[in-house]
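Reader: I have a structure open and would like to go through it piece by piece. Can we start with how the helices sit on the sheet?

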Amino acid sequence: MPEEDTGIRRADSLRRENMQTPSPNAYKVGVPPKQKLFDEFTSTVKETLFSDDPLRNFKDQPRSRKVVIWLQSIFPILSWGKDYNLSKFKGDLIAGLTIASLCIPQDIGYAKLANLTPQYGLYTSFVPPLIYAFMGSSRDIAIGPVAVVSLLLGTLVQNEVDPVKEPVTYRRLVFTATFFAGITQLGFVIDFLSHATVIGFMAGAAITIALQQLKNFLGIKNFTKKTDIISVMKSVWKPVHHGWNWETILIGASFLAFLLVAKYIGKKNKKLFWVPAVAPIISVIVSTFFVYITRADKKGVSIVKHIEKGVNPSSVHEIFFTGSFLAKGFRIGAVSAMIALTEAIAIARTFAAMKDYQIDGNKEMIALGTMNVVGSMSSCYIATGSFSRSAVNFMAGCNTAVSNIVMSFVVLLTLEVITPLFKYTPNAVISSIIISAVIGLIDIDAMKLIWKIDKLDFIACMGAFFGVVFVSVEIGLLIAVSISFAKILLQVTRPKTALLGKIPGTNVYRNVLQYPEATKESGILIIRVDSAIYFSNSNYIKERILRWLSDEEEYARDTHQRPTRYLIVEMSPVTNIDTSGIHALAELHLSLQKREVQLVLANPGSAVIDKLNASGFSQQIGEDKIFLTVADAVMTFSPRFELEQP
């Protein structure tokens, strides 16, 4: 029988090749040494909570040195301050003066977004930047109130207290929320806000902020308190024939055009970065002078009017530490802190990458939290990093956080001396400054890139965007977090599995969809699981593997090929497994035995093999069925399969 002789000769040849090759079982899968329970627990906690060892610098140091290191970890200025010199101060001085000229008009507008009087915006650019300069790890971030957080805080507090009818209670709840924003720096939560959702949320918030400015930009007296685009547009178009003030529109449109041209000039020529930086303060000075000499305020042009003069008063006694507003302040503070921390960390990391230095996330959370706690006690509302000011700070040549100190002292000078001069500043110009500032938050290019890369990410981006624009800021934030969680749950509960084949001319096995030229082994099915195996996905993985097997058996019957006798599970991507996962593997093993298919495992990691041994599953399938690589497993079972054929 020629076919049988050919099969025997082929089997003998394969067996000889296998004998010449070192046995794959010569190098077993390594089992990690057993750790003591306390050591294992400590190691797991460190690995889970800290990306780096926070106590590394304290090892083998004398007590006096440990005290110094501890102080430097809390106050980084003690570390870099030793090398500070006049040359660095020159750069910081120029940068500080530049961002001060930008922040003063912005602060007045952002305070209005938070439904507060203008001086509270200036207060927030005085105390928090000073605290951050001593405790923060970023050299480039500029601290102060920002548009998105101001709008979010104002919207959430306004839902609880009317700022017009109860201004004192409203202000107290703002300080309470700021206090809790400082002590609830939930750093782990921001990991659940994906880049896509943040892009969508920021763009939606920018449009919402710009729409809110139409009240002062058009000179409308009665305006909705809602933030959704439909309510706002109704408020805009309803008084179009009798409620718009043409003098106000002329002032607002003229200075908005000036600000946008200045921003365009700065974008086209990086050396002229100072043009868009000083444009807002120039707009304020020129417009204030124009309104004063023409008395345009008598013709219906809304002006800033009185700004409280003097340094921040204490507000410790105004924070709610008891009563129903305590819980409300905690909730509002926690939600606002999430956005504030996300924005600050993103800005700090962006500029740190440009200058090639590291940002310490723990130090940032401590610094941002402390400055808001202290700020809440000194009449400030929530402060964080401002992208527009940080960009100007970076381009102006700042070297350290001293630029924040310079900015703070300029704001102090403004509070003590200059605030009366803002009396005739038209609100239309403040609105123009805010509109020009938030336009940069709409990143169309980033949205296009997200669409190209990941459609699910794009859905998350658009969900957050439309939630903010058409409903409210808090609903948009809720949608952003919900979609991020849903995406995580989807990826955890429905992990990818792949059918592997051999790349020609190698011993490498890869996904046959990615490498169509990869060949499958006759009688052997190789499946890769691309996730840890936990209770949430163990049944799905088991059922998915069995479906792969059923599809392969059906294909083998239709094409008259040999049936599958071995199923190899490639476990390199499986970082961990729990008891449910092991139970699912045991059920899979039993199902395969009924089909006369042998389960084989390839390259389980240290955590996985340790648990498989502890559970007895390794002995159940046989330790000779666990291999270091897929190639070793195939090399072992292919010749055996040939010999077993009739």
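Reader: Which strands does helix α23 lie across?

Author: In this predicted model, α23 (residues 538-559) lies across β3, β5 and β6. Its direction is at about 150 degrees to β5.

Reader: And what about α24, which strands does that one lie across?

Author: Helix α24, residues 579-594, lies across β6 and β7. The angle to β7 is about 140 degrees.

Reader: What is the order of the strands in the sheet?

Author: The sheet is open, has 6 strands and runs β4-β3-β5-β6-β7-β8, with mixed pairing. At the edges are β4 (509-511) and β8 (626-627), each pairing on one side only.

Reader: Do β3 and β5 pair in the parallel or the antiparallel sense?

Author: Antiparallel, over 3 bridges between residues 497-502 of β3 and residues 524-529 of β5. Thr497 has Val529 in β5 as its bridge partner.

Reader: New topic. How many cavities of 30 Å³ or more are there?

Author: The count is 3 cavities.

Reader: Which residues line the largest cavity?

Author: Among them are Leu193, Phe201, Met202, Ile339 and Leu477. The lining divides into 7 nonpolar and 2 polar residues, with no charged ones.

Reader: Which helices supply at least two residues of that lining?

Author: Those are α10 (195-212), α15 (324-355) and α22 (473-493). Helix α10 gives the most, with 4 residues.

Conventions: Residues are numbered from 1 along each chain as its sequence is written. This is a predicted model: local features need pLDDT of at least 70, side-chain atom pairs count only at pLDDT 80 or more; totals for chains, interfaces and linings use all residues. Side-chain values use heavy atoms; hydrogens and water are left out. On a 1 Å grid over the protein atoms alone, a cavity is a set of points where a 1.4 Å probe fits but cannot get out, and a pocket is an open set with protein on both sides within 12 Å along at least five of seven lines; lining residues have an atom within 4 Å of a point. Grid points are joined across faces, edges and corners, and a volume is the space filled by probe spheres set on the points. Ala, Val, Leu, Ile, Met, Phe, Trp, Tyr, Cys and Pro count as nonpolar, Asp, Glu, Lys and Arg as charged, and the others, Gly among them, as polar. Two strands pair if DSSP finds at least two bridges between them. Contact means heavy atoms within 4.5 Å. Axes are lines fitted to C-alpha atoms, for helices over the stretch in contact, and angles run from 0 to 180 degrees between N-to-C directions.
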